[in-house]
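These entries record what I looked up in the structure, site by site. Each entry names the place examined and the values found there.

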Amino acid sequence: MPESPTTETAAPHAVAVLLPLPLAGTYDYAVPAGLAVAPGDVVRVPLGRRESLGVVWGAAEGIAAARLKPIAEVVATGAVGELARRFVDWVAGYTLAPPGAVLRMALSVPAALVPEVPPPLLRRSAEPLPEKLTAARRKLLDYAADGFARPAGELAREAGVGAGVVKGLLDLGLLEQVRLPPRPPRQPDPETPGPTLSPAQGEAAAALVAAVEARAFSATLLDGVTGSGKTEVYLEAVAAALRQGRQVLVLLPEIALSAQWLARFAQRFGAPPAVWHSEIGGLLRRRTWRQVAAGEARVVVGARSALFLPYRDLGLIVVDEEHEAAFKQEDGVIYHARDMAVVRAHLGQIPIALVSATPSLETLANVEAGRYGALHLPERHGAATLPATSLVDLRRHPPPRVAGLGQSWLSPPLRTALAETLAAGEQALLFLNRRGYAPLTLCRACGHRLQCPNCTAWLVEHRLQGRLQCHHCGYTARLPRTCPACAAEESFAPCGPGVERLAEELTALFPQARQAVLSSDLIAGPSQAQALVEAMERREIDLLVGTQIVAKGHHFPHLTLVGVVDGDLGLVGGDLRAGERTFQLLSQVAGRAGRAEAPGRVLIQTSDPGHPVMRALAAQDRAAFLAAERATRQAGGWPPYGRLAAIIVAAPDAGRADEAARALSRAAPRERAVTILGPAPAPLAILRGWHRRRFLVKTPKDLLPQPLLRGWLAKVKLPAAVRLQVDVDPYSFL
Ligand code: ADP
Ligand code: ZN
């Protein structure tokens with residue numbers, strides 16, 4: 001065919017490639033002749049003297065293709081779909097993280113891009129049997145006569161012969177290798193019937209099912225007290241999405257501790273869901289990633305990072321315990337998984353359900369504004385009633401001394417309640433959100449306090465492990481024999497309680513009771529947590545002492561008393577959400593009591609029974625608490641009625657940290673609607689040896705802070721030794 005005069009000789013064309021690295025943007029690469037690439041392809045490209053994987057993001061931005069380095073190879077075609085790419089860009093734009101850092105979360109398992117090569121299996125070939133065979137060889141061939149294919153090791157073991165026999169027969173052609181694709185996972189069956197729902201549950205379930213069937217974006221709060229059947233209700237929506245042949249993502253705050261949830265799911269649907277969190281490794285991680293991409297993993301239950309998996313056809317997202325702070329990722333890309341899940345649902349035009357007994361003010365504000373729908377389950381399922389809650393005023397009922405112990409932490413009313421519960425053969429839970437033995441250790445002779453050498457933080461004694469520990473950087477040390485300040489010997493005294501110390505007091509008070517302590521540092525992982533939970537279910541434990549991990553979702557039918565040892569603990573400090581979090585956490589802990597027929601009760605020890613949070617807890621009056629909290633936030637323009645972002649600069653020494661803070665301060669935007677607080681030393685002024693200075697940027701609800709932050713930060717050139725962290729919608733104020 002003659003060349004048309006308008007076509008020039010095809011200039012080498014170029015594309016923009018996003019690398020999964022914290023770099024500013026995409027990089028242009030030339031596409032070598034003969035190579036076809038499209039957006040979403042994973043490619044291998046040269047980067048400096050090395051190579052990197054990257055994803056074709058779109059058209060090249062700049063320089064002539066002739067001067068660009070070429071793409072080396074296409075690794076996986078279309079592996080990062082359009083939706084996934086838009087999601088990466090959106091999250092990066094909102095959080096101000098480099099897009100490549102977000103992409104890295106979406107490409108967290110590069111090895112999964114390479115198809116899995118299943119190990120070869122062996123079976124008897126069609127080759128006729130020779131006349132002479134050793135006994136071992138005959139034995140193996142007899143065994144293999146059934147024609148099944150097996151891994152070499154299994155074949156030898158089951159036939160009772162050595163590996164050399166297998167190899168010999170393979171060489172003779174009497175055995176042959178076959179490769180079979182990996183077996184697809186067992187699928188949850190949406191048709192298995194669930195429980196008969198109460199009218200209120202049925203109504204809520206129907207609404208969520210309708211949202212799934214609408215195949216459009218909607219966000220719905222499922223709001224109901226603990227034990228009201230929220231899980232049963234949203235599992236109906238899961239079934240509806242499965243019936244459509246689509247995938248479902250259920251986000252849980254602490255997936256490593258969700259054994260009960262997993263067991264319940266498997267029981268309901270006849271097959272387990274795919275599980276995703278940071279501790280899943282190796283082959284399982286690669287396989288799960290691929291099964292999600294292929295649409296074979298139909299239901300994924302996971303932690304935050306599950307949001308970035310390559311779903312083929314996601315049809316529903318559920319965020320259980322949506323109010324949990326654990327959904328906020330605090331390092332690397334700083335993002336809130338609940339909020340980004342709503343964005344993901346919107347991009348994919350699918351429904352999302354936010355589930356909680358104590359919804360966040362953020363979500364409630366969205367309901368009020370009409371952006372989210374709301375469904376309510378007013379009461380506990382069946383005969384279970386909400387536990388009666390009362391406050392114990394520690395000023396009127398101070399804990400009396402226990403012989404042989406220093407201080408003690410349990411007031412007479414709580415001791416009496418414990419004794420009654422144990423006498424009735426029921427279980428009790430004591431909640432204290434403090435790991436270790438004592439939060440502070442000081443010298444009796446000079447008052448010296450043991451502090452972390454790397455952080456502005458006390459060292460916490462963990463007596464069971466025989467160590468002092470920093471809860472911020474992980475520094476550990478032995479308790480020194482002599483005081484480093486005054487050289488007094490054996491002079492250290494613990495100050496304040498941790499769960500270990502509380503357990504000591506319980507042993508002294510109730511030596512007969514069987515006791516266990518559940519806190520994240522004392523369990524070696526999910527299986528040990530599960531073992532404890534099961535022991536509790538089997539009533540092998542009478543007294544359970546725990547930190548916040550006991551608050552989450554567990555269902556113990558014979559637990560009838562919950563004692564909160566220090567109700568005021570979460571209220572100290574200048575955290576914007578201290579009241580909200582305390583209310584949520586203590587409501588949740590209280591909700592562990594009386595989940596079955598036996599009625600439960602809750603005793604909260606406090607030194608400030610007049611505090612609005614304590615009063616609302618005692619009256620079980622969520623509305624009153626919310627009204628007060630809303631009023632304060634609205635008056636101050638705080639989230640969710642205003643917007644907040646934090647900037648933290650950190651440097652290896654105070655001088656450089658201050659200098660960087662001053663440079664930022666000079667360039668700060670001056671707009672009437674914007675309030676900039678700081679710079680000030682962060683409450684954790686030194687963390688891991690880094691000196692930290694913080695700004696808080698407050699804007700009205702209708703003014704997004706991102707453009708402002710971008711403009712500001714672009715004006716300042718910080719020295720290489722200074723680290724800068726932007727936290728949009730901060731939840732941690734340390
Ligand atoms: P929530 O998620 O609101 O805490 P769950 O869904 O866990 O509540 O329900 C609490 C307990 O009551 C669970 O053991 C659950 O199986 C049971 N339950 C809830 N609704 C029903 C129902 N309609 N029929 C039978 N059991 C139910
Ligand atoms: Zn430290």
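**Entry 1. A proline in a loop.** I began with P640, which sits in the loop between α17 (622–636) and β28 (642–651). The model is a predicted one, and I read each value below as computed from it. I looked up the peptide bond between P639 and P640 and found it to be cis, with omega at about 0 degrees.

**Entry 2. Another cis bond.** I then turned to P679, which is part of strand β29 (residues 675–687). The bond joining G678 and P679 is a cis peptide bond, and its omega is about 10 degrees.

**Entry 3. Positive phi angles.** I noted that Q349, although not a glycine, has a positive phi of about 55 degrees. I located Q349 in the loop between α10 (337–348) and β15 (351–356). Q620 belongs to the loop between α16 (612–619) and α17. With a relative accessible area of 39%, Q620 is partly exposed.

**Entry 4. The zinc ion.** Which residues coordinate the zinc ion (ligand 2)? I found the SG atoms of C452, C455, C470 and C473, at 2.3 to 2.4 Å. The spacing of these donor residues in sequence is C-x2-C-x14-C-x2-C.

I next asked what arrangement the four donor atoms form around the zinc ion (ligand 2). The angles they subtend run from 105 to 114 degrees, and the arrangement is therefore tetrahedral. For reference, I noted that the ideal angle for four tetrahedral donors is 109.5 degrees.

Are C455 and C473 buried or partly exposed? C455 has 2% relative accessibility and so counts as buried, the cut-off being under 20%. C473 has a relative accessible area of 21% and is therefore partly exposed.

**Entry 5. Ligand 1.** How many residues surround ligand 1? I recorded 16, the closest being G227, K230, T231, E232 and R264. By class, the shell around ligand 1 holds nine polar, four charged and three nonpolar residues. Helix α7 (residues 230–243) gives the most to this shell, namely three residues.

A nitrogen atom of ligand 1 lies 2.8 Å from a backbone N or O atom of T196. An oxygen atom of ligand 1 is 2.9 Å from a backbone N or O atom of G229. In T231, an N or O atom of the side chain is 2.7 Å from an oxygen atom of ligand 1. Ligand 1 taken alone exposes 550 Å², of which the protein buries 79%.

**Entry 6. Side-chain polar contacts.** T560 is located in strand β26 (residues 559–564), and at 4% relative accessibility T560 counts as buried. The side chains of T560 and E426 make a polar contact of 2.7 Å.

Definitions and conventions. Residues are numbered from 1 along each chain as its sequence is written. Chains are lettered from A and ligands numbered from 1 in the order in which they are written. This is a predicted model: local features need pLDDT of at least 70, side-chain atom pairs count only at pLDDT 80 or more; totals for chains, interfaces and linings use all residues. Side-chain values use heavy atoms; hydrogens and water are left out. A residue is near a molecule or strand if one of its heavy atoms lies within 4 Å of it. A polar contact is a pair of N or O atoms within 3.5 Å; within protein, one must be able to donate a hydrogen and the other to accept it, and residues adjacent in sequence count only if both atoms are side-chain atoms. Accessible areas come from the Shrake-Rupley method with a 1.4 Å probe; for residues, only the protein chains shown count as cover. Helices (H or I, at least four residues) and strands (E, at least two) are DSSP runs, numbered from the N terminus. Ala, Val, Leu, Ile, Met, Phe, Trp, Tyr, Cys and Pro count as nonpolar, Asp, Glu, Lys and Arg as charged, and the others, Gly among them, as polar. Donors are N, O and S atoms within 2.8 Å of the metal (3.2 Å for Na, K and Ca); water is not among the atoms, so sites may look incomplete. Four donors count as tetrahedral if all angles lie between 85 and 135 degrees; four count as square planar and six as octahedral if opposite donors are over 155 degrees apart and all others between 65 and 115; anything else is irregular. Buried means under 20% relative accessible area, exposed over 50%, partly exposed in between (1.4 Å probe, protein chains only).
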